[in-house]
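Let's take a walk through this chain together. Keep the sequence and the 3D view side by side as you read.

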Amino acid sequence: MRTHTRHVLMCVGPRCTENGMRAQAMFELMGKKIDASPDMRIKRTRTHCMAVCRNQGPILVVYPEGVWYRCVDETALERIIAEHLVGGQEVDELIFHRLGEGDTCPWGDDDA
Ligand code: FES
C-alpha cells in the first residue's frame, strides 16, 4: 500500500442514493480525480451503510480530521476534493459531524 496522508470513506449503501447507484458512480469519479493527482496521497474506501443516511447523498468521511460530510451531489464532491483534499480547507457548510465534537447541524436543516 502506498503511503497516504488521508483516508476517505464513502458510503455506497442503498439508502444514501437510490440503491447506491449514484454513490457508486461518485466513488468512481473520486477515484479518477485522485488517480489524476497522485500528490494528494489519498486512500479511498467504499463502505456499506454507516447508519446516518437520510437520502442526502452519499456520506463521505475524511480522516485524520474525522470530518463527516453529506455529499449531496457531484458539485459538492468536486468542492470537497478541491477545497479539502487538495487545498486543506474543510467545507464547513457540508459538514454534519466532527470527531470529538459531535453533530454540527441537525438533520434536515438545509440552512445549517
Ligand atoms: S446507506 Fe449510506 S449511511 Fe446508510
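A51 sits in the loop between β2 and β3, and it has a positive phi of about 65 degrees although it is not a glycine. Strands (E, at least two residues) and helices (H or I, at least four) are DSSP runs, numbered from the N terminus.

A quick word on the model: it is predicted, so local features need pLDDT of at least 70 and side-chain atom pairs count only at pLDDT 80 or more, while totals for chains, interfaces and linings use all residues. Residues are numbered from 1 along each chain as its sequence is written.

N19 has a positive phi too, near 60 degrees, and you'll find this residue in the loop between β1 and α1. N19 is exposed, with 12 other C-beta atoms within 10 Å. Most residues other than glycine have a negative phi, and most peptide bonds are trans.

Speaking of peptide bonds, the one joining Y63 and P64 is cis, with omega about 20 degrees. P64 belongs to the loop between β3 and β4 (67-70).

Now for H7: its bridge partner in β3 is Y63, and in β2 it is K43. Strands β1 (residues 6-11) and β2 (residues 42-47) run parallel, joined by six bridges; two strands pair if DSSP finds at least two bridges between them.

Terms used. A residue is buried if 20 or more other C-beta atoms lie within 10 Å of its own, exposed if 12 or fewer, and partly exposed in between; C-beta atoms are placed from the backbone.
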